[in-house]
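Notebook open, model loaded. I went through the contacts, the core, the charged pair and the backbone angles in turn.

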Amino acid sequence: MKGLSNKWISGLIPAILVYISMGMIYCWSMIKGEIAYAMSCSATDIEMAFSLSLLCLGLTAAFGGKLVDYSEKLSAGLSTFLFAVGMMGSIMAINLGSPLMFILMYGVVQGIALGLG
């Protein structure tokens, strides 16, 4: 594939992964009831996670732009790492039944990850 340069491949793959992970935020209304049921709490107990995630996404995107300008690969790698930590932490919070841990992992950690991405 001589037509595709390394620049396109190194930019396209992280972009696709970021958009896939952003789908996690946008499907919130469909999954919040199931998450609340799995944690034996009400949906209002974990509702703050969505708002906090969007807040962290916006703030990190606004103030983390210098990192993207410095190194796109570092930004993409850090975003991927934080998203994985946030996802695993969210799963652990669901298994433990901890709404506060879920709000921190889903809201703060994954929000920062998406903002960097």
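I started with Trp28 and listed its contacts (heavy atoms within 4.5 Å). Leaving out neighbours within four places in sequence, Trp28 touches Ile35, Ile46, Glu47, Ala49, Phe50, Phe102 and Tyr106. This is a predicted model, where local features need pLDDT of at least 70 and side-chain atom pairs count only at pLDDT 80 or more, while totals for chains, interfaces and linings use all residues. Numbering runs from 1 along each chain as its sequence is written, and side-chain values use heavy atoms, with hydrogens and water left out.

Next I looked up the core. A nonpolar core here is a set of buried Ala, Val, Leu, Ile, Met, Phe, Trp, Tyr and Cys residues joined through side-chain atoms within 4.5 Å. Buried means under 20% relative accessible area, exposed over 50%, and partly exposed in between (1.4 Å probe, protein chains only). The largest core has 20 residues, and Trp28, Ile46 and Phe102 have the most contacts inside it. Helices H1 (6-26), H2 (28-38), H4 (48-63), H6 and H7 (99-116) each give two or more residues to this core. H7 gives the most, with seven residues. Helices are DSSP runs (H or I, at least four residues; strands are E, at least two), numbered from the N terminus.

Then I checked for salt bridges (a side-chain nitrogen of Lys or Arg within 4 Å of a carboxyl oxygen of Asp or Glu). I found one in the structure. It joins the side chains of Glu47 and Lys32, at 3.0 Å from N to O. Glu47 sits in the loop between H3 (43-46) and H4, and Lys32 is in H2, 15 residues apart. Glu47 is partly exposed at 29% relative accessible area, and Lys32 is partly exposed too, at 23%.

On to H6. This helix has 25 residues and spans 36 Å from first C-alpha to last, close to the 36 Å expected at 1.5 Å a residue; the expected span is 1.5 Å times one less than the number of residues. Its buried residues are Ser75, Ser79, Leu82, Phe83, Gly86, Gly89, Ser90 and Ala93. I picked out Ser79, which has a relative accessible area of 7%. Beyond four places in sequence, Ser79 touches Ala113, Leu116 and Gly117.

Last, the backbone angles. Gly97 follows H6 and has a positive phi, near 75°. Ser40 has a positive phi as well, near 55°, and is not a glycine. Ser40 lies in the loop between H2 and H3, and counts as exposed at 68% relative accessibility.
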